[in-house]
Amino acid sequence: MAGLMVYLTGPGRANEHTEPHLVAGDPAMLAWHDDAELSRDSALAIARHLDRPHTALEVDVKGGHVWHCSLSLRADEGVQSDEKWQAIANDFVRGMEFDDPDSPKAPCRWVAVRHGLSKNGNDHIHLVVDLVREDGTKASVHNDFARAQKVSRALEVQHGLEPLESAKAERATRGYKPAEREAQATARARAKYERTRTNDPAQQRPAWNHLEAEDRRTRIAAELRAEQPRHTLTVKVRGCAAAAGDEAEFVRRMRRTGLLVRPRFADGRTDVVTGYSVAERPTAGERPIWYGGGHLGKDLRLPRLREAWPDTPTGASEAAAEWTAAKRGRRAIAPGREAREPDAEQWEQQGRELGQLVEKLHSVPLEDRDTWATVARQTAGAFAAWSNATEEQPGDLAAAAEALSRSAQTHRSTPPPEKIGTNALTGTAMLLSAAARGGRGTVGQAVMIRQLLRLTQSCYGASKAAEQHRQAQLLAGEARARLVRVRDALPAPAEPARTPSATATLERPTNLDPEAQAVLDRLRAGQAHDATKAVDPLPRPIEPRKTRQPNQPGPERGAER
């Protein structure tokens, strides 16, 4: 608790913490502390107050007694007042049942700290809760991630905030944890420095641990600004998955792009693969950083990928053989079409089939979210495969693939391509993965980009119909601009795709799911009750727990005395 409070009131990792102060807390806390700027001494005093139930009653909580989260707004939403944040914090803590005046449970001690905007300009607060209640019982944190999301959705309606679009669309993308990024950047910076120092011993540079702290921070900051390995991995794996006709080909394609591949076998089996991890091949002095498919994207988990491939006993055994060869660093067992160069006839045929598919999709209702999620995933895979073949570093094609993939990373499975008849996109990804080899070259690519632009336009329409306004703006703005730049760089002219205006007014939805609506109703009822209910600001006396003595005398009791 003390370490967390000192950090929240300190300068932060990048000196982004300014004027740290309290905006909310338990009544006793607010009676002692106002909204003045907090110092290290005041932070330690607050920590002692919060920790009192834990230390005095000697209650241990499995996993730790300190619960911490941040509530953040998009930078576009501006800056809220302290009074607004106080109301939000009180409602959140009540919704999480840490301090609910209407509950028979004893309250937890808690505070809400505000210390300026984040590095990205997001207004936010930090909530710190001691999980030991004032009567010595423990607050439940079971399923607290999901509960916090439910409460947040209710607060967006309660306080007129912008709703989280991905929650309504039932999709989610993987984000970077700051500690993860910093650890990777530190490892890369150290490896590069040590490699340079070893290759040039004449300069007699000090070892990494003996560098000045400022020099180390500068080198780490440079790596933080560089492309993150997970983004590059995601593009490569997505392109390989989209171009593959079966699981064995998927493994071979990943290895051909230079990735390290590691399967995860079922317990006690060597022929049943349940998942996989991939890593970029490290340079000298660095260690590979492994990521599971689910950490790259929800639609890149192996069970989800298998839904698009034929399920046959022969295919399963061939895939297991390729996974085993990849794990042991052996050559591919049976190279397939990924090693062959496409000819001009294939490009022409695929161009016709893709055009027919685009026309066919005009009859699919824009409200059919599952079908359009599959189309978005396949289109993103086609762009990723094209990027793998033609871009030395992730560029416009990789960015377009990432934008489209956000519509594809749904919580539940979507119809496979075979069921909705979009296999032409798989063939397109297969050809584009070989764009740098044979075939019609840039002429064939120019034909493809025109049809893929039309598909992106259709995905934009589906996002807009589903009221996913930010996703629609991303597709109509940055993603389309990047694809137009790619199209214009190709020799064959193509008609620009007509795109409706991406300007949209965000509406405040009031249709929540039953659980979030129940939280909202409880918060509103609690606010009405609080208006007439007085709260004692004095802290409740907490006495150390007394040691029970045995009723009957015995050797143990005599020894204890």
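Contact here means heavy atoms within 4.5 Å. The views show a predicted model, in which local features need pLDDT of at least 70, side-chain atom pairs count only at pLDDT 80 or more, and totals for chains, interfaces and linings use all residues. Residues are numbered from 1 along each chain as its sequence is written, and side-chain values use heavy atoms, with hydrogens and water left out.

View A. His 115 is in the loop between E3 and strand E4 (124–130); strands (E, at least two residues) and helices (H or I, at least four) are DSSP runs, numbered from the N terminus. With a relative accessibility of 1%, His 115 counts as buried (buried is under 20% relative accessible area, exposed over 50%, partly exposed in between; 1.4 Å probe, protein chains only). Its side chain reaches the backbone oxygen of Leu 8 at 2.9 Å. Apart from neighbours within four places in sequence, the contacts of His 115 include Leu 8, Glu 16, His 17, Thr 18, Glu 19, Pro 20, His 124 and His 126.

**View B. Pairing of strands E1 and E3.** Strand E1 (residues 21–25) has 5 of its 5 residues buried, so it is largely enclosed by the rest of the structure. E1 pairs with strand E3 (residues 110–114) in the antiparallel sense over 4 bridges; pairing requires that DSSP finds at least two bridges between two strands. Opposite His 21 stands Arg 114 in E3.

**View C. The open sheet E5-E6-E7.** In this order, 3 strands form an open sheet with antiparallel pairing. Strand E5 (259–265) and strand E7 (291–292) are at the edges with a single partner strand each, so one side of each has no neighbour in the sheet. Between E5 and strand E6 (residues 273–280) there are 7 bridges in the antiparallel sense. Val 261 has Val 278 in E6 as its bridge partner.

**View D. The second largest pocket.** The volume of this pocket is about 890 Å³. On a 1 Å grid over the protein atoms alone, a pocket is an open set of points where a 1.4 Å probe fits, with protein on both sides within 12 Å along at least five of seven lines; lining residues have an atom within 4 Å of a point. Of the 31 lining residues, the closest to the centre are Arg 188, Pro 229, Glu 280, Arg 281 and Glu 286. Helix H7 (178–199), helix H9 (229–243) and helix H15 (369–390) are the elements that give two or more residues to the lining. H7 gives the largest share, 6 residues. By class, the lining has 10 nonpolar, 9 polar and 12 charged residues (Ala, Val, Leu, Ile, Met, Phe, Trp, Tyr, Cys and Pro count as nonpolar, Asp, Glu, Lys and Arg as charged, the others, Gly among them, as polar).

Technical notes. Grid points are joined across faces, edges and corners, and a volume is the space filled by probe spheres set on the points. A polar contact is a pair of N or O atoms within 3.5 Å; within protein, one must be able to donate a hydrogen and the other to accept it, and residues adjacent in sequence count only if both atoms are side-chain atoms.
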